[in-house]
Amino acid sequence: MLIAAVCIIFFVLLFMGVPIAVILGVSTAVCLMLFTCTPLHIVAQQLFNALDNFVLLAIPFFILAGSIMTRGGIARRLIEFVNALVGWFPGGLGMAGILACIFFAAISGSSPATVVAIGSIMIPALIKAGYGEKFSLGLITVSGSLGIVIPPSIPMILYCLVMNVSVAEMFMAGILPGLMIGAALMAYTYVVARRNNWRIEKKCSVEEIITTARRGAWALILPVLVLGGIYSGLFTPTEAAAVSVVYALFVEIFIYKEFKIRDITNVCQEAAVLSACLLFILACAMTFLWLLTAEQIPQQLADIIVQHINSPWMFLLCVNLLFLILGCFMDDVSAMLILAPLFYETLNRYGIDLVHFGVVMVLNIQMGMLTPPFGLNLFVASGITERPLMTVARGVMPFLGIMLFCLLLVTYIPSISLLLPELLLR
């Protein structure tokens with residue numbers, strides 16, 4: 001009865017357009033009243049307990065650091081450097097955009113922030129260079145989604161919290177999949193550029209490359225500082241996030257001098273609103289999962305799945321299909337927070353590594369950010385370029401096949417995600 005009530009309440013409210021966090025809270029409270037003797041004040045206690053975690057401080061810090069760097073000059077200097085490196089290849093300007101997204105992803109932890117910071121500069125430059133509007137919009141919108149795959153990654157932190165997984169291992173596991181996707185996008189760009197005979201820029205001299213590297217050195221140091229500090233044990237992921245804020249402020253205000261002190265209030269407000277939204281969803285999801293765990297729903301679900309699905313690979317395929325479908329109805333981050341813990345017992349029975357499964361979840365979230373109607377990156381790209389949402393969506397479509405192929409590779413070749421954690425951290 002409880003499972004049936006949860007499903008009915010959840011989907012009725014979902015189709016009514018109620019925010020997902022409110023749905024989770026209401027479902028928890030109603031089920032407690034109808035099916036248990038537990039007093040309702042326990043809901044408030046669980047909401048507090050869900051947020052009483054030091055690791056959660058990393059989320060607002062990484063969001064704030066991304067907001068600071070989006071407004072400052074770090075993104076532009078990254079673009080100048082990577083364009084000097086690869087701009088002379090066929091499709092070189094597009095490759096430079098991809099590399100810039102990879103570098104910015106390694107310092108921001110946010111996919112929308114990467115699209116804003118790199119897209120606001122690169123999309124107009126690509127269109128002006130003759131790459132075509134649809135291709136330019138699609139390339140940078142998809143490349144920006146690497147912001148949640150390449151560490152640090154906010155969805156990875158959320159996954160670690162609900163699944164009790166090491167943040168350092170998850171970050172390490174995202175490196176190879178992220179670089180693989182970036183390489184696939186660069187290869188596709190090269191092929192399309194050769195086919196369309198797009199203009200090739202003049203090859204930069206060694207002196208010019210050194211000059212752009214010197215200008216962007218402060219930006220290039222940040223990924224080494226953040227990730228190197230985490231993996232060396234110098235500081236925790238939360239402390240790394242705080243360091244990235246201080247470093248970004250110092251570089252943007254005192255070195256690049258493109259960020260004004262008066263802008264701090266605005267970026268703090270933006271970061272506070274986005275952080276509050278994410279943390280409210282997390283708190284409600286953790287409270288909802290507390291109820292389901294208390295009623296042994298994950299164990300019952302595992303019994304049903306194992307009875308009907310014999311192979312772990314078929315289970316992973318079903319999970320991927322489920323998330324692709326759910327992406328049409330709800331935010332994939334919320335879907336991960338709800339479903340990943342429900343699959344915990346099933347993963348143990350199939351012997352699927354939790355870190356590997358986490359990377360698969362993040363890649364599904366990446367796909368969800370690129371597909372309508374809830375594709376966040378589509379809305380961000382539409383906003384910064386003032387192009388219709390469907391124009392951006394049509395530009396993204398040719399790249400979705402590449403993303404799906406990479407998702408399947410990571411799903412069925414666990415060593416792509418597990419190689420670095422097993423070599424360096426286990």
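At roughly what angle do the axes of H8 and helix H11 cross? In this predicted model, the axes of H8 and H11 (residues 175–196) cross at roughly 165° and come within 11 Å. H8 is therefore roughly antiparallel to H11.

- H8 passes H11 in a left-handed crossing.
- Helix H6 (residues 92–108) and helix H13 (residues 217–232) have axes that cross at roughly 55° and come within 8 Å. This angle makes H6 oblique to H13.
- The crossing in which H6 passes H13 is left-handed.

**Salt bridges**

- Three salt bridges are found in a search of the whole structure.
- One of them joins the side chains of Arg387 and Glu133, at 2.4 Å from N to O. Glu133 belongs to helix H8 and Arg387 to the loop between helix H21 (376–385) and H22, so this pair ties together parts that are 254 residues apart in sequence.
- Both side chains of that pair have intermediate accessibility: Arg387 is partly exposed, with a relative accessible area of 27%, and Glu133 is partly exposed at 31%.
- Asp303 and Arg349 also form a salt bridge, with their closest N and O atoms 2.5 Å apart. Asp303 lies in helix H16 (residues 297–308) and Arg349 in helix H19 (residues 344–350), so that the pair links distant parts of the chain, 46 residues apart.
- Arg349 meets Glu345 in a salt bridge as well, at 3.4 Å from N to O. Because Arg349 and Glu345 are four residues apart in helix H19, about one helical turn separates them.

**Nonpolar surface patch**

- Trp313, Leu321, Leu324, Leu404, Leu408, Tyr412 and Ile413 make a nonpolar surface patch of about 560 Å².
- At least two residues of the nonpolar patch come from helix H17 (312–326), and at least two from helix H22 (389–412).
- Leu321, one of the patch residues, is located in helix H17. Its relative accessibility is 46%, which means that Leu321 counts as partly exposed.

**Backbone features in loops**

- Pro151 and Pro152 are joined by a cis peptide bond, with omega at about 0°. Pro152 is situated in the loop between helix H8 (133–144) and helix H9 (154–163).
- Asn164 is not a glycine, yet Asn164 has a positive phi of about 55°. The loop between H9 and helix H10 (167–173) contains Asn164.
- Is Asn164 buried or exposed? With a relative accessible area of 71%, Asn164 is exposed, the cut-off for this class being over 50%.

**A buried residue**

- Val43 is placed in helix H3 (residues 41–51). Its relative accessible area is 13%, and Val43 is therefore buried, since the class requires a value under 20%.
- Val43 and Leu274 are 231 residues apart along the chain, and 23 Å separates their C-alpha atoms.

Methods
Residues numbered from 1 in each chain as written. Predicted model: local features only at pLDDT ≥ 70, side-chain atom pairs only at ≥ 80, totals over all residues. Heavy atoms only, no water. Patch = residues over 30% accessible without salt bridge, like charges linked within 9 Å, V, L, I, M, F, W, Y side chains within 5 Å. Areas by Shrake-Rupley, 256 points an atom, 1.4 Å probe, with all protein chains shown as cover. Salt bridge = Lys/Arg side-chain N within 4 Å of Asp/Glu carboxyl O. Buried < 20%, exposed > 50% of the residue type's maximum accessible area, 1.4 Å probe, protein only. Axes fitted to C-alpha atoms, helices over the stretch in contact; angles between N-to-C directions. Parallel < 35°, antiparallel > 145°, perpendicular 65-115°, else oblique. Left-handed = near helix turned anticlockwise from the far one by under 90°.
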